[in-house]
Amino acid sequence: MPLNIPTLHKLEAVKKESPNVKSFTFHSKLIAKESKPGQFLMVWDPGIDEIPISIVQASPGGAVELAIADVGDCSHSLHQKQVGDLIGLRGPYGIGFSLHGERICMVAGGYGAAPLRFAALRAKESGKHVIVLEGAASSAELLYVQEILDSGCDLRVATEDGSGGYKGLVTDLLEELVASGEQFQQILTCGPEMMMERVCEITKRAKIPTQVSVERIIKCGCGACGSCDLGGYRVCKDGPVFTAEELARTEFGRWTRAKSGKRIPVIPNVLMGNEVELVSTPPVHFTPEYEPLLKTEVCGIDFPNPLANAAGFGVSGMLLYRYAVAGAGAVVTKSIGLYEREGYPNPTFIELSPRSYVNAMGLPNPGIKSYGPELEDAKYAHVPLVLSIFGNSVEECSDVAKIARTYPVAMFEFDASCPHTEFTAVENDPKLLSSIIKVIKEIVAPKPLAVKISPNIGAPVGLALGAQKAGADAITAINTVIARPVDKTLDIPLLGNPTGYGGKSGKDLTVGGKEIVFALYKELKIPVIAVGGIFTVQDVIEYARNGANLFQVGSALVTEGFETFSRLKEELTAYLRAHEYKNIRELVGEAHKR
Ligand SMILES: Cc1cc2nc3c(=O)[nH]c(=O)nc-3n(C[C@H](O)[C@H](O)[C@H](O)COP(=O)(O)OP(=O)(O)OC[C@H]3O[C@@H](n4cnc5c(N)ncnc54)[C@H](O)[C@@H]3O)c2cc1C
Ligand SMILES: Cc1cc2nc3c(=O)[nH]c(=O)nc-3n(C[C@H](O)[C@H](O)[C@H](O)COP(=O)(O)O)c2cc1C
Ligand code: FES
């Protein structure tokens with residue numbers, strides 16, 4: 001798998017496919033070789049944005065084709081590009097269509113015909129019988145009609161205005177086809193969400209296995225940020241292709257998320273004529289195991305084990321539930337502020353080298369008032385829930401804390417240290433930080449408050465001592481370290497935020513993070529929560545020896561997946577047992593006792 005970083009490609013061909021859609025062809029043997037139907041690329045228009053686009057074609061010679069509808073800022077800017085212009089590509093990403101069975105029906109709407117054209121071609125190459133049903137508002141908007149026919153598929157079209165094929169909806173065609181008794185082993189669909197929802201209704205009745213390509217807001221594209229959440233699935237990593245059964249247990253067809261992560265109806269309520277309830281489908285009941293060797297207590301809270309996710313690796317409560325099921329002993333939310341924030345344009349997350357990342361998400365969040373439903377969902381995790389909050393003035397933090405304290409959480413973490421937003425000021429201004437801590441503490445007491453710091457201002461121990469004096473109950477260290485990656489060819493920042501500054505996470509933080517935790521433990525009376533470059537059990541052991549009580553895992557979830565929690569738990573248990581420790585707490589601070 002190539003690194004998660006845009007690499008520049010020359011645009012080889014541009015073609016108008018319909019009034020609103022152009023196709024773009026690039027040459028990349030690496031991308032073409034790895035691409036499967038249903039997967040997508042992140043397409044970077046330097047200085048504008050980076051957007052997810054499905055792959056239409058990937059030829060053995062290395063030609064990679066994409067079809068882009070002109071719908072907004074980035075797609076519009078891409079539509080102005082000429083042959084020879086440089087565009088950044090990364091990927092392919094996600095799980096594509098699985099082409100099993102001898103007879104497959106594909107139902108396409110709008111630019112959904114793009115990934116299905118790729119699937120149809122691959123299915124025909126392996127000798128399958130393929131019927132493609134394609135729908136559009138008018139015949140001018142039908143995509144890839146000739147190409148689909150040339151690949152030997154049986155194509156049937158529907159147009160809403162009757163200018164081509166059947167007059168009506170493509171789902172009416174599907175209904176007729178299914179009613180005619182034609183047999184299919186699979187139905188594949190891609191198009192507007194309400195069309196695909198209808199496809200699922202029809203195929204459920206007819207008991208035909210169905211795969212659906214879903215769209216959500218994509219930022220990192222590789223499973224880090226959780227912007228693309230769908231019932232706890234990350235569309236970029238666990239999808240974009242899902243089975244209809246998987247989708248039936250999510251909000252698919254009812255609600256989606258804005259760039260901030262806020263829940264919004266798929267179709268605005270005014271158009272639907274009724275109000276969609278923005279609630280999740282309850283997951284399977286889960287009870288965590290309190291293991292004798294790993295269970296611990298910090299700030300008066302009992303944890304089944306000392307592992308948690310780091311703040312920012314997911315916005316939704318359902319994703320936090322998945323972390324707990326995967327083995328986390330606590331879960332930490334995205335940092336939530338007073339107001340809804342979209343975050344920065346993409347690229348927001350890139351990989352500099354294996355296990356080394358830089359992000360400038362820009363604190364996207366729905367705002368504390370709208371965050372209640374996520375915390376209700378996170379209760380299904382049944383492990384202590386830590387609500388991360390931020391704000392850049394005493395008044396703002398006070399308002400956040402007043403709402404935050406009404407939520408069902410065990411602990412709060414104040415993010416004083418995001419290195420790439422206007423909120424850096426908090427960590428940089430010790431007086432302000434003390435005032436904020438005092439006011440939050442007063443509001444949320446008796447619940448504990450951890451304060452998260454970074455090494456970016458150069459004196460983490462002094463900062464932590466100040467936080468302790470102001471009333472912090474724990475220190476979380478460390479947040480990301482400031483960095484500004486640049487594209488060498490274009491000599492412009494790779495990150496999409498205005499300054500190009502971001503925060504480094506992953507393996508480059510492991511050594512420094514452990515040193516800081518050592519220094520903090522030596523000086524502080526309050527517990528230390530470790531975060532920064534935890535990948536292996538050795539990292540957990542060293543952080544514990546240096547003085548940490550709890551361990552938050554971030555970047556490892558991208559590199560190694562959710563299994564990180566169960567693997568670390570297993571290896572930590574084995575280590576403690578082999579060295580005859582009775583509990584993880586005996587390890588905490590051992591390095592200071594030598
Ligand atoms: C996995 C995946 C594959 C996709 N494949 C294609 C494709 O092959 N061709 C194509 O033209 N488009 C595709 N899209 C949609 C495309 O990414 C968005 O239309 C694009 O990001 C819009 O960016 P913009 O800056 O032009 O518009 P913006 O100004 O960002 O937005 C314009 C409108 O589109 C909505 N929007 C933005 N991003 C998304 C998104 N990710 N999902 C749903 N709505 C969104 C916004 O809310 C807004 O209403 C795909 C999306 C996903 C998630
Ligand atoms: C995509 C991403 C989003 C993040 N968002 C937040 C956040 O909202 N609040 C916060 O305190 N830290 C945030 N962080 C920092 C992490 O919580 C963590 O401190 C950092 O990534 C170091 O840990 P790691 O090396 O294990 O990733 C974010 C990091 C990443 C990569
Ligand atoms: S976009 Fe899917 S997790 Fe970030």
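**Exercises on a predicted protein model**

Of the contacts in the protein with a separation of 6 or more, 69% are between residues 24 or more positions apart, where contact means heavy atoms within 4.5 Å. This is a predicted model, in which local features need pLDDT of at least 70 and side-chain atom pairs count only at pLDDT 80 or more, while totals for chains, interfaces and linings use all residues. Residues are numbered from 1 along each chain as its sequence is written, and side-chain values use heavy atoms, with hydrogens and water left out.

**Exercise 1.** Classify the ring pair of Tyr-233 and Phe-242 as stacked, tilted or edge-to-face.

*Solution.* 
- Step 1. A pair of aromatic rings is described by the distance of the centres and the angle of the planes.
- Step 2. Rings of Phe, Tyr and Trp (its six-membered ring) pair if their centres lie within 6.5 Å; planes under 30 degrees apart count as stacked, over 60 as edge-to-face and the rest as tilted.
- Step 3. A search of the whole structure finds six aromatic pairs. For Tyr-233 and Phe-242 the ring centres are 5.2 Å apart and the planes are at 50°, so this pair is tilted.

**Exercise 2.** Decide whether Tyr-233 and Phe-242 are buried or exposed.

*Solution.* 
- Step 1. Buried means under 20% relative accessible area, exposed over 50%, and partly exposed in between (1.4 Å probe, protein chains only).
- Step 2. Tyr-233 has 18% relative accessibility and therefore counts as buried.
- Step 3. Phe-242, at 1%, counts as buried.
- Step 4. Tyr-575 and Tyr-581 are both buried, and buried residues make up 60% of the 594 residues in the protein.

**Exercise 3.** Describe the surroundings of Tyr-357.

*Solution.* 
- Step 1. Tyr-357 lies in strand S24, residues 356-359; strands (E, at least two residues) are DSSP runs, numbered from the N terminus.
- Step 2. With 1% relative accessibility, Tyr-357 counts as buried.
- Step 3. Beyond four places in sequence, its contacts include Asn-4, Phe-349, Gly-503 and Val-558.
- Step 4. The C-alpha atom of Tyr-357 is 6.0 Å from that of Gly-506, although the two residues are 149 residues apart along the chain.

Methods: Chains are lettered from A and ligands numbered from 1 in the order in which they are written. Helices (H or I, at least four residues) and strands (E, at least two) are DSSP runs, numbered from the N terminus.
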